[in-house]
Amino acid sequence: MTAANNTVSIEKLNNFCIEAMLKAGMSQENAQITAKVLVATDTWGTFTHGTKQLKKLLKNFRDGRMDPKAVPEITKQGQSWALYDGKRAMPMVSSVKAMETAISKAKATGIAYTVVKNSGHYGAAGYYAHMAAEADMFGLSMTNVDPCMAVPGAKEAVLGTNPIAYAAPGGKEKPVMLDIATSVVAASKIFKAADLKQPIPNNWLIDKDGLPTTDPTGYPAVGAIMPMAAHKGYGIALMIEILTGVISGSAFAKDVPCWVLEQPEPVDQSHTFIAIDINAIMPIDQFKQRMETLTGMIKETPKAEGTNEIFLPGEIEYNHKQKVLQNNQITLPKDVMDSLKGLAEDYGLESQTLFS
Ligand SMILES: NC(=O)c1ccc[n+]([C@@H]2O[C@H](COP(=O)([O-])OP(=O)(O)OC[C@H]3O[C@@H](n4cnc5c(N)ncnc54)[C@H](O)[C@@H]3O)[C@@H](O)[C@H]2O)c1
């Protein structure tokens with residue numbers, strides 16, 4: 001495969017995704033929202049959670065585990081919070097709406113929290129936190145995930161890799177954004193090591209007895225991923241369960257069905273969004289100036305031997321996006337292309353036109 005045929009314009013990628021979603025029964029508006037989230041994630045270089053996921057998301061519709069026609073709605077709310085019933089609609093749609101609600105409520109109250117129950121796989125947590133930063137707010141986004149992570153002392157999975165992201169407006173219009181799973185590593189890295197027949201570091205996985213292992217080959221049938229930073233990642237993953245599944249009335253921990261396995265029940269993940277209106281506390285220009293001072297202190301810290309640059313959270317993704325926007329094209333890894341080709345087959349679309 002040559003470099004030329006895995007490069008695609010943002011517009012073509014966006015339109016291709018929309019076409020597939022329309023064929024799957026979604027409305028034009030919801031297909032546009034979802035394509036925007038997934039394509040933006042690819043522009044950041046976070047290819048594991050961008051358009052690659054669309055094939056599996058649409059399979060959730062075909063399997064009856066999610067509903068392409070559903071319209072998420074607020075079922076309970078106060079001045080500074082809202083509970084959404086996602087009604088098993090496309091999770092990107094429920095999540096964008098819930099963060100929009102958090103932002104508009106925070107404009108009135110200074111801070112707002114929204115939670116979505118009855119949802120599915122929402123992709124990269126960072127997209128929704130970033131929406132708040134674009135509105136000059138501090139944003140937080142979290143979701144629970146089906147169990148694949150152990151906690152210290154356990155010999156099997158009990159929590160998900162529950163990601164969390166925050167974003168804040170930064171100096172020179174560059175937001176600071178951290179977007180991470182609370183597991184030590186993504187499952188995809190364990191599969192890759194198994195494929196390459198390479199050992200893994202001994203803090204990634206536990207074996208059938210709950211002991212650290214460097215052998216990736218048995219996973220996921222045997223073993224579980226460890227939390228990042230041991231009890232610290234565990235504690236944060238647990239907070240995410242409380243703020244998503246427990247409080248919303250959705251499934252939590254071991255009861256969250258896996259969205260990619262062949263299972264009959266609805267996916268039932270839940271997500272949380274928080275927006276803080278900075279301007280209510282400090283004039284936004286002053287905040288941005290102070291952010292510039294803060295990030296400058298970090299960037300200009302003397303570097304360790306062999307290090308050329310210190311990065312801020314979100315900076316690598318920002319730089320990737322700038323390059324993509326400059327060239328108006330994006331180079332997709334092979335696994336993303338394979339997934340898009342599979343999606344084209346599922347819905348009778350011409351995948352060649354994507355790369356022509
Ligand atoms: N929806 C789900 O089920 C689910 C589950 C797990 C993860 N995810 C997503 O997977 C993606 C990847 O997660 P991950 O845990 O593998 O992330 P990761 O370990 O690759 O870390 C990415 C984050 O770390 C920052 N970063 C990386 N190197 C840095 C450096 N040198 N200095 C400063 N900051 C740096 C990046 O800017 C980014 O914010 C995220 O988008 C996450 O939301 C989703």
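Leaving aside its neighbours within four places in sequence, Ala102 is in contact with Ala112, Tyr113, Thr114, Phe273, Ile274 and Ala275, where contact means that the C-beta atoms of two residues, placed from the backbone, lie within 7 Å. The model is predicted, so local features need pLDDT of at least 70 and side-chain atom pairs count only at pLDDT 80 or more, while totals for chains, interfaces and linings use all residues. Residues are numbered from 1 along each chain as its sequence is written.

**Nonpolar core**
- Ala102 is also one of the residues that touch the most other members of the largest nonpolar core, which has 92 residues; such a core is a set of buried Ala, Val, Leu, Ile, Met, Phe, Trp, Tyr and Cys residues joined through C-beta atoms within 7 Å, and buried means that 20 or more other C-beta atoms lie within 10 Å of the residue's own.
- Helix α4 (residues 91-109) gives the most to this core, with 8 residues, helices being DSSP runs of H or I with at least four residues and strands being runs of E with at least two, numbered from the N terminus.

**Ligand surroundings**
- Of the 26 residues around the ligand, Ala124, Ala125, Pro163, Ala181 and Phe311 come nearest, and a residue counts as near if its C-beta atom, placed from the backbone, lies within 6 Å.
- The largest share of this shell, 4 residues, comes from β7.
- Domain 1 (1-62 + 327-356) and domain 2 (74-182 + 229-313) both give residues to the shell around the ligand, so the ligand lies between them; the domain bounds come from an automatic or database domain assignment.

Technical notes:
Buried ≥ 20, exposed ≤ 12 C-beta atoms within 10 Å, placed from the backbone.
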